[in-house]
Amino acid sequence: MTTQTILVTGGAGFIGSHTCVALAEAGYEPLILDNLGNSDRRVIGRLERIIGKAPRLIVGDVRDRALLDRVFRETPISGVIHFAGLKAVGDSVADPITYYDNNVNGSFVLAAAMHAAGVQTLIFSSSATVYGDPDRSPIPETAALRPANPYGHSKRMVEQALADLQHAHPAWRIALLRYFNPVGAHESGLIGEHPQGKPNNLMPFVSQVAVGLRERLAVHGGDYPTPDGTGVRDYVHVMDLAEGHVAALRHAEKQPGLTTLNLGTGHGASVLEVVKAFERASGQPIAYDVGPRRPGDVPAYWGDPTLAEATLGWRARRGLDQMCADSWRWQQGNPNGYE
Ligand code: NAD
Ligand code: WQD
């Protein structure tokens, strides 16, 4: 059997690079297209050490139609996993047009190029952010969609456009995957997440405190209606997510259609539970101060992954302790990312 090539847009990034490992382990050949706007080409050498072969990297933009046409013409591609996009909620509020251009226009250019090339299998990175402030947790896929910022709107718009595309062209095979809070790193410690500048997200911030890059964590709010007063989220190990993409691809190969699935664990953890788990994993104390709430934050939510399990036979297997242990291994071995 010939190896199937999967185009991975944004494949040099955090979730994309881990998904390249899962794809290679499942017998696919990942082909990365990334503009390196939020990633580092040295990830390729790390992937080579894990997979045993360096994936091909095309440095370019997903909005470059001529480039996409050339890629589809030159390489037989059986499916696309589309990670490329911008993801900082605050930046999306400050500069919405840039977000709509990258996330929405980028997805449209990609879908049009796929259509022209006859490639009809697409796995799309959506986000639990499309639910906004949900009425209840765990959140099922049928919950109301009420994104609260341009980033969330951009994901919802692409979901809608892809659903319309699949409706118009029923031969398409599309999965919309709504991730909860991806954290952790590959267990080798060779690849992981390295945000540029001060991290917005909890786990990278905590691990930078543990390794001594930052002094103290600011806990954003201690007066939420949660068991310990701090915010609760559904943290999911990035390798579980990566394997979820392979499962979604295998599912799409079986039959045309559109599937929308939550990828989460079904459990919430509070900020202080994350801090304690990281202290256990690292053996380092994490200094923190409980400060005011962060504007726009939802008190608590977690996903219902029942449909993903029923549809894909996938479920998250790695717990919070492993998420922290793997983040710590990556952070300790690579305090400055891929530098
Ligand atoms: P990331 O920034 O590490 O990866 C995104 C990659 O896409 C980067 O390598 C970046 O250089 C590339 N990219 C961005 N715009 C591009 C463009 N126009 N053309 C080509 N490449 C481009 O982020 P991530 O955490 O790996 O997220 C991947 C996807 O998952 C994103 O679409 C994000 O919105 C979505 N998502 C992320 C989270 C999260 O918390 N990390 C949660 C839900 C959904
Ligand atoms: C988690 C918890 C914070 C930092 C964001 C995006 C969402 C999705 C995932 C892409 C909250 C608290 C955080 C800190 C803290 N991304 N916190 N101190 O906000 O759930 O989700 O990333 O789709 O769209 O909004 O993740 O990691 O920022 O916060 O106390 O320094 O940690 O208040 O309760 P969030 P997060």
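Which side chain has an N or O atom 3.5 Å from an oxygen atom of ligand 2? In this predicted model, that side chain belongs to Thr129.

## Ligand 2

The side chain of Arg233 places an N or O atom 2.5 Å from an oxygen atom of the ligand, and a polar backbone atom of Ala218 lies 2.8 Å from a nitrogen atom of ligand 2. On its own, ligand 2 has 690 Å² of accessible area, and the protein covers 89% of that area.

Around ligand 2 there are 19 residues, of which Ser127, Tyr151, Ala218, Arg233 and Asp297 come nearest. By class, the shell around ligand 2 holds nine nonpolar, seven polar and three charged residues. Strand E8, residues 217–220, contributes the largest share of this shell, with four residues. Ala218, whose backbone makes the contact described above, falls within the range of E8.

## Ligand 1

The shell around ligand 1 has 28 residues, and the nearest are Asp34, Asn38, Ser39, Asn102 and Tyr151. Tyr151 is also listed among the nearest residues of ligand 2.

For Tyr151, an N or O atom of the side chain is 2.6 Å from a ligand oxygen; for Ser39, the corresponding distance is 2.7 Å.

Helix H1 (14–25), strand E5 (121–127) and helix H6 (150–168) each give at least two residues to the shell around ligand 1. E5 gives the most, with three residues. The shell of ligand 1 divides into eleven nonpolar, twelve polar and five charged residues.

A search of the whole structure returns one cavity of 30 Å³ or more. The volume of the largest cavity is about 90 Å³.

The lining of the largest cavity consists of Gly184, Glu193, Pro195, Met203, Pro204, Ser207, Gln208, Ser327, Trp330 and Gln331. Helix H7 (202–210) and helix H11 (320–333) each supply at least two of the lining residues, and H7 gives the most, with four. Four lining residues are nonpolar, five are polar and one is charged.

Methods. Residues are numbered from 1 along each chain as its sequence is written. Chains are lettered from A and ligands numbered from 1 in the order in which they are written. This is a predicted model: local features need pLDDT of at least 70, side-chain atom pairs count only at pLDDT 80 or more; totals for chains, interfaces and linings use all residues. Side-chain values use heavy atoms; hydrogens and water are left out. A residue is near a molecule or strand if one of its heavy atoms lies within 4 Å of it. A polar contact is a pair of N or O atoms within 3.5 Å; within protein, one must be able to donate a hydrogen and the other to accept it, and residues adjacent in sequence count only if both atoms are side-chain atoms. Ala, Val, Leu, Ile, Met, Phe, Trp, Tyr, Cys and Pro count as nonpolar, Asp, Glu, Lys and Arg as charged, and the others, Gly among them, as polar. On a 1 Å grid over the protein atoms alone, a cavity is a set of points where a 1.4 Å probe fits but cannot get out, and a pocket is an open set with protein on both sides within 12 Å along at least five of seven lines; lining residues have an atom within 4 Å of a point. Grid points are joined across faces, edges and corners, and a volume is the space filled by probe spheres set on the points. Accessible areas come from the Shrake-Rupley method with a 1.4 Å probe; for residues, only the protein chains shown count as cover.
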